[in-house]
Amino acid sequence: MPQDRILVVDDEETIREIVCSMLSGAQFETRPAASGVEAMALLESGEEFDLVLSDMLMAEMDGNTLLARAKEKFPDVPVVMVTTVSDIQVALQALRHGAYDYLPKPFEREQLLATVRRALENRRLKRENDAYRTNLEELVAARTQQWKSALADLDRSYDMTLEALGDALDLKDSETEGHSRRVTAFTIAIAKKMPLPMDQIRMIARGAFLHDIGKIAVPDKILNKPDKLTREEFDIMREHAWYGYKLLRNIPVLSEAAEIVYAHQEKYDGTGYPRRLKGDQIPLGARIFSIADTFDAITSDRPYRPKQSDEAARKEIEAWSGKQFDPEIVRVFLSMPHDIWDELRRDCAQKGRFPNA
């Protein structure tokens, strides 16, 4: 193993030689310096030292000045001060300014070696601790990245599952094709404008995308009936909100989204269904979705009527503010750029998949 290198600083040549001899006899490598100025020059030259052993009282640059400059530029190199008994208060001051320890003159060889070994051991432990902390930080960073990647993969798998559920609904109800993707994109855009946290937006997006999933439980003869539904058939159709909630509520990642599915037909004034919720009783995601859903319904072709313009839809939504829709969310919706909706429609048509929040 390489020897520890000690810089011995004292303006008395005899003392320097004695101290260097004591240290060399104990297998330390020494380098003498006759002043604080010379010591700083050696430290700044690029030579590496494991310890500085410096006298307190010296011409040109005293021990305290050397200590201050050495600790500023080389903070990991311990400094041991040597002083006379009458200068103990000065030595204690040096400790407060970063010296590792001090040796009162005169000292015995064993005192010198014990102090030097303690200082070097302290430095070794600090370096090991720094290395451990660095390795731990790197490990934590790596684990965090792995965790983020795993979460991203999990999110992608969730979205693929949602797409499969949406495709299953499209097979059963052709009228919903493309609608779920568009209304989800519109819902995300409004939620971002409010603005809401991304985690909450992702949850709301899943609820919006799956809002009609309960129609899977509605009989085909009712779901695809070309004529007007009877009162009894309409009541069965209205149950799709409950069926959707029942389907999703026990899936942990969709439990919050299930509340949006359950409430997506509620109205702000309490005249909706199935529970006649009112105002803030309706989940925020369902209140946002309600506007996005109506906007897409009005601006899309339906078997019973052609699509209308975005402006007509905006006026209709504004007219029902405070009745069907949350007025604060209507205000946000109306403040959004008019061209954003066509961009989102094109994006949904091109990508044909679950919109990303």
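Is Glu108 buried or exposed? In this predicted model, Glu108 is exposed, with a relative accessible area of 57%; the cut-off for that word is over 50%. Glu108 sits in the loop that runs between strand E5, residues 101–105, and helix H5. Its C-alpha atom is separated by 9.7 Å from that of Met22, and these two residues are 86 residues apart along the chain.

I continue into helix H5, which covers residues 109–172. Leu136 has its place in this helix. Leu136 is partly exposed, and its relative accessible area is 37%. Together with Tyr132, Leu139 and Val140, Leu136 makes a nonpolar surface patch of about 380 Å².

I turn next to a pair of helices. Two packed helices are described by the angle between their axes and by the distance between those axes. For helix H12, residues 284–298, and helix H13, residues 310–319, the angle is about 140 degrees and the axes are 9 Å apart. That angle makes H12 oblique to H13, because only angles over 145 degrees count as roughly antiparallel. The crossing in which H12 passes H13 is right-handed.

Gly322 lies between H13 and helix H14, the latter spanning 327–334. With a relative accessible area of 33%, Gly322 is partly exposed. The C-alpha atoms of Gly322 and Lys267 are separated by 9.1 Å, while the two residues are 55 residues apart along the chain.

Note on methods: Residues numbered from 1 in each chain as written. Predicted model: local features only at pLDDT ≥ 70, side-chain atom pairs only at ≥ 80, totals over all residues. Heavy atoms only, no water. Patch = residues over 30% accessible without salt bridge, like charges linked within 9 Å, V, L, I, M, F, W, Y side chains within 5 Å. Areas by Shrake-Rupley, 256 points an atom, 1.4 Å probe, with all protein chains shown as cover. Salt bridge = Lys/Arg side-chain N within 4 Å of Asp/Glu carboxyl O. Helix = DSSP H or I, 4+ residues; strand = E, 2+ residues; numbered from the N terminus. Buried < 20%, exposed > 50% of the residue type's maximum accessible area, 1.4 Å probe, protein only. Axes fitted to C-alpha atoms, helices over the stretch in contact; angles between N-to-C directions. Parallel < 35°, antiparallel > 145°, perpendicular 65-115°, else oblique. Left-handed = near helix turned anticlockwise from the far one by under 90°.
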